[in-house]
Amino acid sequence: MRFFFITSIVVLSTGTLFFTGCKMQPKFTVEGNITNASGKTVYLEMRDIDKNTMLDSCKLNEKGTFSFKQLRPEYPQFYALKLNNQSIFFSVDSTETLTIKADANGFTTKYEVEGSDNAKKIKELCLLQYNAQLNVNKILKSGIPKDSVQKKVTSILDDYKKAAIAYILSGQNSIKSPAAYFALFQRINNYLIFDPYDPKDNKIFAAVATAYDIAYPDSPRSKHLKNLTLQAMADIKPRTVQKEITAGYSNNIEISLPNVKEEIVTLSSTAGKVVLLDFTMYETEFSPEHNMTLREIYNKYVDKGFQIYQVSLDANENFWKVSASNLPWICVRDKNSRYSDYALMYNVSELPTYFLIDRKGELVKRNSQIKNLEEEIKKLL
């Protein structure tokens, strides 16, 4: 993807032309070299709240050298250096120069970074998460009893949290650092390690949210973190029930989102019907086939009291509107995309994920518990 910037021209009374614009704006630099990567392409990507944007790329020579220059972000921002679908994460908040030396073999772990204390801390947090993920994978494949698996996994996550909290609370400035923010959103098997709906973890979210709000009051990340933390505070009690999402669904959580006409439609508006609550993303390969399957089921049972409430997590609003406008069921979209609070509350770790809601408005099953979707719907009707 190429970005073109318009340079403005200022004409002074003397007739001298002065050029202003992007070339005069402060920039940061990411440079270095990657061994064992001759001829491969390395990419620089910006990691925003709801989308990833490829900023630049470089084909590596025999020495593996690269250099990227980009405009300094207005607020602390996260970036990724990508090679062969592997990523090195770092943050930028000034005109700093970061130097990264890596090896293509083990790109995400075998690298050194200089020029930014935050980037060094983020590297250490990534290594903590990487090792925790390896240990969890070993336990899940070990074949030990389920109760033992749960205890061991909990112990691994607690160890990560202790180490991460040490980074977050290590100094007066640490709690408002990009590394502290980054630590909160690390994942294991696509689940957040720090759970904002857990009372203990919520205190850490609140501490970082407060510090960020004071340091960067106008930053979109500050606002997102603040809203997420406050929402979690309000819903912690029902979350204690919802967290056991594979065991039962006596207290499902309300959803209130806009449809393609920008009208707010709530999940509770479907009361009295058998509802398929579907979390999906239209910009995926699975979406056309998934929606074709849903359309066949919908057409069969809509007259018998069946409804679909489909939550899109697409970052591209226009793409979603065009796609959803042709669908006969309720289509809404969460603009927070993969950072959706609703997806988090419903413990959605992959897409598509769907739930069945009976006529009483209670969640009864999710897709992992359903072998034959149509048969389960017929039972509820």
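Start with the aromatic rings: the whole structure holds 13 aromatic pairs. Rings of Phe, Tyr and Trp (its six-membered ring) pair if their centres lie within 6.5 Å; planes under 30 degrees apart are stacked, over 60 edge-to-face, and the rest tilted. This is a predicted model, where local features need pLDDT of at least 70 and side-chain atom pairs count only at pLDDT 80 or more, while totals for chains, interfaces and linings use all residues. Residues are numbered from 1 along each chain as its sequence is written, and side-chain values use heavy atoms, leaving out hydrogens and water.

Select Y181 and Y212. Their ring centres are 5.3 Å apart and the planes stand at 35°, so the pair is tilted. Y181 belongs to helix 3 (residues 178-184) and Y212 to helix 4 (residues 199-215), so the pair ties together parts 31 residues apart in sequence. Helices (H or I, at least four residues) and strands (E, at least two) are DSSP runs, numbered from the N terminus. Y181 is buried at 4% relative accessibility, and Y212 is buried at 1%. Buried means under 20% relative accessible area, exposed over 50%, partly exposed in between (1.4 Å probe, protein chains only).

Next, F185 and F205. Here the centres are 6.0 Å apart and the planes at 90°, so the pair is edge-to-face. F185 sits in the loop between helix 3 and strand 11 (187-188), F205 in helix 4. F185 counts as buried at 16%; F205 does so at 0%. Now widen the selection: ring pairs link F78, F89, Y181, F182, F185, F205, Y212 and Y216 into a cluster.

Move to the open sheet of five strands, order 17-16-15-18-19, with mixed pairing. Two strands pair if DSSP finds at least two bridges between them. Strand 17 (330-333) and strand 19 (363-366) are the edges; each has a single partner strand, so one side of each lacks a neighbour in the sheet. Strand 16 (residues 306-312) runs parallel to strand 17, joined by four bridges. Find Y309, opposite I330 in strand 17.

Contact means heavy atoms within 4.5 Å. Then show helix 7 (residues 317-324), which packs on the sheet and touches strand 16 and strand 17.

Finish at helix 1 (residues 117-140). Its buried residues include I122, L125, C126, V136 and I139.

Conventions: Axes are lines fitted to C-alpha atoms, for helices over the stretch in contact, and angles run from 0 to 180 degrees between N-to-C directions.
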